[in-house]
Amino acid sequence: MSKNVAQIAVIKPLHNLFDYEIPEKTGYLKPGSRVRIEFGKKQLVGFVIKITKKNNYSNYKLKKIIEVIDEEPLIDKETLNLFMWISSYYHAPLGQVIGIGTPAQFRQGKNLIKKKIDRPYTITDNLSKKFTLSREQNDAVRVIKKSLDTYKCFLLDGITGSGKTEVYRNIQCHIHKKGLQTLIIVPEKNLIPELMDYFDSRNLRVLEYHSSLTPKKKFMNWSLIQNCEVDIIIGTRSSVFLKIPKLGLIIADEEHDQSYKNNSEAKYNARDIAIYRAKNKNIPIILGSATPSSESILNISKKKYIHIKMRSRINNKSLPDLKVVNMSNKKNTILSEEVISSINKRIKNKEQTLIFLNRRGYSPVITCNECSWIPKCEECNLNMTFHKSKKILICHHCGRMKKFYDKCFACNSSEISYIGEGTEKIEEVIRSKFSKSNIIRIDSDSTRKKGQAEKIFDDIKKNKYDILIGTQMLSKGHNFPNITLVVVMNIDQSLFSPRLKAIEQLAQQLVQVSGRSGRGLKKGEVILQTSFPENEDLRCLIENGYEKWVKDLLLLRGNLGLPPHRNWGVIQAKARKYLDAENFLENIKKIIKKNREIEIFGPMPSSMKKKANLFNLNLIIQAKSKAKLNYAIKDCIPSIKDIPYSNKIKWTIDIDPIDYD
Ligand SMILES: [Zn+2]
Ligand SMILES: [Zn+2]
């Protein structure tokens, strides 16, 4: 006898679906519905993915679904397809993707909240408020307006202060008149309040969606969005999963930002999902940035995106009044005399200084103090990192290793040092040198609680602090008119990091953070402290500006056959024994068949320190197309469980990696 069987995803790191019998008394069950099931010995909420009829179940008995929670599925077909695509593209368990893409109360089985928003729904011409666009803004709007009913990806490449937000609003207004909803995603929640205020004051129904909302509020907003009770949704990366029935436009602001990438569980990139979604729904998407990512610039040259430039505030030729302080002859100095006296000048004038610390923990690159030699891989032309425990240099692209005997390969000197060493002391030194000043440190720790960031930003504007010490977070979007000096430190490790994205992120941050100086009436100054003032990237960036620099980078990467011209997937294995992880990846290497379009590098040790007593090893899969990469990896996943001792390995897959190491 045949039975109706539901294939169910559970929120666990498991790649397969589970079959459950649909009780006869249940009516028609649809994919996307939540059900209560017994899983192991526990009851939990599962998600119906497929319904099938199965014969020959005489051999073993299937468990029955205990309860159907949704008669009508709350995950509609479009959203379910999106989850399935994400699961397939990033090779992440479907249940885990659903887990990331839905609010907690929904996953616990709670029912949708039926509520209306106080502000009535009106289709008003919210543009009628007096506002004139600049010529460039007008041109941008004109180009985008031509394609409001179809998929087009626009790269709005506009320098800081060129007025991208007004362009967004103008386009949003046209979408609104069609009765459609707009989704705006930003890389960090601190960027939400300003945008909320901006759109809220225009008589629109605006809602936020991000991880700092209480579970209750999050579920409430999630419900209101599904019920079409809002016009604009502004959220962080998880909002890209939202079911938005009348979605007509997506905007991804600061598209270059690495925070769009999720680095735990499903390693998705929200900007890329947004593009997929727009394409699939046949609606326009706008990517905004003052420093577009290399992959977006590459897509422009492939004619996949439309490039809209806004350059009219300042000509984007070079960074504003940037002074480079050479630290190469001051090996044990953390703060140069120039920096100290410049800060003192600001304190005297009651102006503010922003000290930007590039705090990313990169792997150690060594250099010779005598001749400035830096080890490079002969094969790939990339810098090699030093692994202390084994005394070897490793190329983290091709896996080539070289023994290092504490002596410079070029001049035989034993005066070797680590690039960027000792920089963790910077904050200490600043605090002791300027002990009488008000100093505040701003990072994700000091702004975690709701309202905390707003309070700090407010205090900065009220001039309560003399010196702000900040990381990436401060380089974005905020406008503090009394900052007249920006000091950039601790960049040397990024200059030589083998991580492919490191130099690009540094270039973007330098441009962004320089833009923080002199936003008010007073003129701003930027000082950059580095031991490598002659570095080619640095010089090109300072002399020619970001646009030229990123073009050069793409050219170089093209010649070397590296991303973004190639597609990467990294399979990472962690194990208590080095050999277990190595064997595991060697086995995967054998399963993935090499051919002309797939190259495999490794296994090689990750340069991340051993965490929780586990060894980290990486295998890089490189392909000429995303499809080829996808097939190669998809093919090998079912065989992984047959690899000997695979149960001792924790493994993950990272597609289009950013922070892989
Ligand atoms: Zn190499
Ligand atoms: Zn040397």
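User: What share of the contacts in the protein with a separation of 6 or more comes from residues 24 or more positions apart?

Analyst: This is a predicted model, in which local features need pLDDT of at least 70 and side-chain atom pairs count only at pLDDT 80 or more, while totals for chains, interfaces and linings use all residues. Residues are numbered from 1 along each chain as its sequence is written, chains are lettered from A and ligands are numbered from 1, both in the order in which they are written. Two residues are in contact if their C-beta atoms, placed from the backbone, lie within 7 Å. Of the contacts with a separation of 6 or more, residues 24 or more positions apart account for 74%.

User: What radius of gyration does the protein have?

Analyst: The radius is taken over C-alpha atoms, and the globule rule is 2.2 Å times the number of residues to the power 0.38. For 661 residues, a compact globule would come near 26 Å. The protein agrees with this, having a radius of gyration of 27 Å.

User: In what order do the seven strands of the open sheet stand?

Analyst: Strands (E, at least two residues) and helices (H or I, at least four) are DSSP runs numbered from the N terminus, and two strands pair if DSSP finds at least two bridges between them. The edge strands, each pairing on one side only, are S8 (206-209) and S12 (306-310). With parallel pairing throughout the open sheet, the order is S8-S9-S7-S10-S11-S6-S12.

User: Which residue is the bridge partner of leucine 183 in S10?

Analyst: Strand S7 (residues 181-185) pairs with S9 (residues 232-235) in the parallel sense over four bridges, with isoleucine 185 opposite glycine 235. S7 also pairs in parallel with S10, over five bridges. In S10, leucine 183 has as its bridge partner isoleucine 250.

User: How many of the six residues of S10 are buried?

Analyst: A residue is buried if 20 or more other C-beta atoms lie within 10 Å of its own, exposed if 12 or fewer, and partly exposed in between, with C-beta atoms placed from the backbone. Buried residues make up 43% of the 661 residues in the protein. S10 is largely enclosed by the rest of the structure, because the number of its six residues that are buried is six.

User: At what angle do helices H9 and H16 pack?

Analyst: Ser294, Ile297 and Leu298 of H9 meet Val550, Leu553 and Leu554 of H16. Axes are lines fitted to C-alpha atoms, for helices over the stretch in contact, and angles run from 0 to 180 degrees between N-to-C directions. H9 and H16 are roughly perpendicular, because their angle falls within 65 to 115 degrees. With axes 10 Å apart, H9 (residues 294-301) and H16 (residues 546-560) pack at about 80°.

User: How many C-beta neighbours inside 10 Å does isoleucine 620 have?

Analyst: Isoleucine 620 lies in strand S26 (residues 615-623). Leaving aside neighbours within four places in sequence, isoleucine 620 is in contact with Trp568, Val570, Ile600, Phe601 and Gly602. Isoleucine 620 counts as buried because its number of C-beta neighbours inside 10 Å is 21.

Terms used
Angles under 35 degrees count as roughly parallel, over 145 as roughly antiparallel, 65 to 115 as roughly perpendicular and the rest as oblique.
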